[in-house]
Amino acid sequence: MTRDVFAAFDEQVRTRLSQLQSSAQSGGLDEAVEVMVDSIRNDGVLQAFGTGHSQAFAMEIAGRAGGLIPTHAIALRDTVLKGDRPASDLEGGLLERDDNIADEVWGLHEFHPADVFLIASNSGVNGSIVGIALRAKQEGHKVIAVTSLEHTNAVAPKHPSGKRLAEIADVVIDNLAPFGDATVPLGDQADDGVLAGAVSSITAAYIAQLLTLGTAERIRTAGGTPPLYLSANIPGGDEHNDALKARYGERIGSMA
């Protein structure tokens with residue numbers, strides 16, 4: 001019955017979100033939050049990167065209502081929008097597996113010493129993900145990884161370095177997605193290993209919001225005013241956002 005798979009997926013999602021909330025409540029995100037707060041206090045920008053569906057994590061971190069102003073999303077499409085690649089290069093998944101794309105992407109942006117990189121990847125092994133993480137570390141930046149530890153530990157690294165994202169990052173946050181991401185078997189196909197109901201996008205988005213809340217609250221309790229976006233679709237939103245964005249200029253792009 002359709003209702004059965006809905007209920008099964010609901011259980012899979014709720015269980016993981018509850019685990020993430022409990023972890024956050026007991027201090028499991030404190031290290032990441034402290035890194036983010038230190039970056040903002042030192043005029044840094046939170047640089048968010050993900051490929052494939054993990055781009056959704058970067059969108060949750062950067063440039064959205066209720067989110068932190070000093071944030072910026074890096075994307076592989078920047079090589080087309082800001083670089084010289086044809087749009088056809090974005091078709092399929094070859095670019096995210098390219099071991100050499102990291103330096104090309106890096107050269108399209110302005111990074112400051114206090115910037116922190118938040119990199120999301122369920123598998124944590126694709127060339128672009130590992131490449132950006134390695135370049136960030138090489139340049140002296142802190143890296144926070146959001147990845148599935150179950151999945152990444154079950155697959156071989158693809159980058160020539162032999163590294164996984166989780167092995168490079170200063171702070172690793174488990175998104176709690178299972179190997180393969182999907183969670184729900186379907187009827188008579190329950191034994192064929194093919195599942196539906198992927199959860200990594202949901203848990204990663206939740207993690208992004210927990211990190212944002214934790215960072216904003218840490219700044220507030222220390223006596224500061226968290227630099228947060230208002231929705232551009234409410235009165236005064238643009239004026240509020242523009243005044244705070246002016247401090248960072250092109251470092252945070254044109255997202256609002």
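Me: Let's start with Ile61: which does it count as, buried or exposed?

Reply: Ile61 counts as buried, because its relative accessibility is 2%, where buried means under 20% relative accessible area, exposed over 50% and partly exposed in between, with a 1.4 Å probe and protein chains only. Please keep in mind that this is a predicted model, in which local features need pLDDT of at least 70 and side-chain atom pairs count only at pLDDT 80 or more, while totals for chains, interfaces and linings use all residues. Residues are numbered from 1 along each chain as its sequence is written, and side-chain values use heavy atoms, with hydrogens and water left out.

Me: Fine. Where does Ile61 lie, and what does it touch?

Reply: Ile61 lies in helix 3, residues 55-61 (helices, H or I of at least four residues, and strands, E of at least two, are DSSP runs numbered from the N terminus). Not counting residues up to four places away in sequence, Ile61 touches Ala48, Leu68, Thr71, Leu118, Ala208 and Thr212, contact being heavy atoms within 4.5 Å. Ile61 and Leu211 are 150 residues apart in sequence, yet their C-alpha atoms are 8.5 Å apart in space.

Me: How do helix 2 and helix 9 pack?

Reply: They pack at an angle of about 60°, with their axes 9 Å apart; the axes are lines fitted to C-alpha atoms, for helices over the stretch in contact, and angles run from 0 to 180 degrees between N-to-C directions. Helix 2 and helix 9 are therefore oblique to each other, given that angles under 35 degrees count as roughly parallel, over 145 as roughly antiparallel, 65 to 115 as roughly perpendicular and the rest as oblique. The contact is made by Asp30, Ala32, Val33, Glu34, Met36, Val37, Ile40 and Arg41 from helix 2, together with Leu211, Gly214, Thr215, Arg218 and Ile219 from helix 9. Sorted by class, this contact has seven nonpolar, two polar and four charged residues, where Ala, Val, Leu, Ile, Met, Phe, Trp, Tyr, Cys and Pro count as nonpolar, Asp, Glu, Lys and Arg as charged, and the others, Gly among them, as polar.

Me: And helix 1 with helix 9, at what angle do they cross?

Reply: The axes of helix 1 (residues 2-25) and helix 9 (residues 200-221) cross at roughly 25° and come within 10 Å, so these two helices are roughly parallel to each other. On the helix 1 side Phe9, Val13, Arg16, Leu17, Leu20, Gln21 and Ala24 meet Ile202, Thr203, Tyr206, Ile207 and Leu210 of helix 9. The residues of that contact divide into nine nonpolar, two polar and one charged.

Me: Changing topic, how many aromatic pairs are there?

Reply: A search of the whole structure finds three. In one of the aromatic pairs, Trp106 and Phe111 are tilted, with 4.4 Å centre to centre and 50° between the planes; rings of Phe, Tyr and Trp (its six-membered ring) pair if their centres lie within 6.5 Å, and planes under 30 degrees apart count as stacked, over 60 as edge-to-face and the rest as tilted. Trp106 is buried because its relative accessible area is 9%, and Phe111 is buried because its value is 17%. Trp106, Phe111 and Phe117 form one aromatic cluster.

Me: Which way does phi go at Asp43, positive or negative?

Reply: Phi of Asp43 is near 65°, a positive value in a residue other than glycine. Most residues other than glycine have a negative phi. Asp43 is found in the loop between helix 2 and strand 1 (46-50), and it is partly exposed because its relative accessible area is 28%.

Me: What about phi of Leu176?

Reply: Phi of Leu176 is also positive, near 65°, and Leu176 sits in the loop between strand 5 (171-174) and strand 6 (182-185). Leu176 counts as partly exposed because its relative accessibility is 24%.

Me: Last one, then: where is Gly92, and is it buried or exposed?

Reply: Gly92 lies in the loop between helix 4 (78-81) and helix 5 (101-106), and it is exposed because its relative accessible area is 71%. The C-alpha atoms of Gly92 and Gly52, 40 residues apart along the chain, are separated by 9.7 Å.
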